[in-house]
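Keep the structure in view while reading.

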Amino acid sequence: MASAPPLRIWLYSALLVMGVMVPLALQRWSPWRGPDHAIADHTRQFLASPTTEGKLRVLGLGSSVLWAATPPAPAQMALPGIDWMRMTKPGTGMGYLLPSLGIIDRHPPDILVIDENLLLPDQDNVIMDELRQDLILASKGMAFQLTGNVQLAPRQAYVALLDQREPFECATFPAHTQRRETLKNAANLQLVFNNAAINRQLTEHLQRLAQRGVRIVLLELRRSELVEQTTATEKQRWLSRLQQALPPGRHIRYLSSPIYVQQNLHCDGSHLNAAGARLFAPWWQAQLQQLRDER
C-alpha cells in the first residue's frame, strides 16, 4: 500500500495555492481596481462623448451570453447611423454593471438593450469565474516575462473590460460529454428560473428611464434547442412574472433571438461559439437598423 505524502508536502502545497490565490484576490478587490468603476468609466466615455447628428446611440448591458453572441469592439462591423457598445459580466444578475445605471441616468442613450439574464439573481460562481479570468491574464503576463513573446503581453486595463478587447473563449468538452454538460447546464437553469424573484428595484429603474423617453429592449438570447426545450416551462413562468413587473409598451420592447437548429453552434448549450456568433451577427444588425428606422 502506498504511503501518504509527508506532512510538509501538504504544507508546501497549501502555501503554493495561497501564494497564487491571495495576490489574485487582492488584485481583484483592491480599491484602485474596482470593476464597477472601470465599467462605469467606460460607459461614461461612450455616453458622454459627442455623436454625429442623426446617429442612434445604443448601449447594451449583458451577461457572458451576450459577450459570446457579439464580437469585441474592435471587430464589430460598422453599423450605418448607429453607435453601438455593449458591456458584459460573467453569470446572471447586474453585479458590477449596476453603477452604470447612474451614468445612464445622467447621459441616457437612445436605446438601452438589457440582456434578460441580468434580471435573474446573481449566481454564486461569479466570483470564481472572475478569479479564473484573473488567473488566465496573470499566467499570460508571466509567460510574456519568461519568453518575451509580445502576443502574451498582458493588457494594461481592467479585467472587467476583457469583453471589450477579447473574443469569448468557449469551454471545451470531449464529444462524449458534451450532451451531459449541456443537460447539466439546463438543469441548473431550471432551478434558476424556478426560484428567481423579480428584481423590483431594477424593473422600476428601467420604467423610469422609459418614462424619460429611453427605449428599453429586453433581449432574450436563446440557447440551444435542447436547453430551450428542457427549460421552456420554468422560463415561460419567469418571463410572465417579469412582463407583469415591466409591461411592454411604447418604450419597452421584448425581443427574442432565433433558436438555431443547427448542431455545434453552442459551447455548452448556452454560449454561442464563433460559428454561432457569425450566424447571430446579421440578425442582430438587422434588429438595430429596424430600431433606428422606427425612431
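**Helices, cores and aromatic pairs**

Begin with helix 9, where Val 227, Glu 228, Thr 231, Glu 234, Lys 235, Trp 238, Leu 239, Leu 242 and Ala 245 are buried. Buried means under 20% relative accessible area, exposed over 50%, and partly exposed in between, with a 1.4 Å probe and protein chains only. Helices (H or I, at least four residues) and strands (E, at least two) are DSSP runs, numbered from the N terminus.

The model is predicted: local features need pLDDT of at least 70, side-chain atom pairs count only at pLDDT 80 or more, and totals for chains, interfaces and linings use all residues. Residues are numbered from 1 along each chain as its sequence is written, and side-chain values use heavy atoms, leaving out hydrogens and water.

Helix 9 has a kink of about 65°, centred on Ala 232. The bend at a residue is the angle between axes fitted to the seven residues ending there and the seven starting there. The cover over the buried residues of helix 9 includes helix 7 (175–195), helix 8, strand 4 and strand 5. Contact here means heavy atoms within 4.5 Å.

Now turn to helix 8. Its buried residues are Leu 202, Thr 203, His 205, Leu 206, Leu 209 and Ala 210. They lie on the same side of helix 8, because they cover an arc of only 160° around the axis. That arc is taken from the directions from the helix axis to the C-beta atoms. Gln 201 and Gln 211 are exposed, on the face turned away from the buried side. The buried residues of helix 8 pack against several elements, including helix 4 (100–106) and strand 3 (111–115). Gly 213 follows helix 8 with a positive phi, near 105°.

Next, the cores. A nonpolar core is a set of buried Ala, Val, Leu, Ile, Met, Phe, Trp, Tyr and Cys residues joined through side-chain atoms within 4.5 Å. The largest has 42 residues, of which Leu 61, Leu 112, Ile 216 and Trp 238 touch the most other members. Apart from it lies another core, of 22 residues, among them Leu 56 and Val 217.

Last, the rings. Rings of Phe, Tyr and Trp (its six-membered ring) pair if their centres lie within 6.5 Å; planes under 30 degrees apart count as stacked, over 60 as edge-to-face and the rest as tilted. By this rule there are six aromatic pairs. Trp 84 and Trp 284 are edge-to-face, because their ring centres are 5.5 Å apart and their planes are at 70°. Trp 84 lies in strand 2 (residues 82–89) and Trp 284 in helix 10 (residues 274–293), so the pair ties together parts 200 residues apart in sequence.
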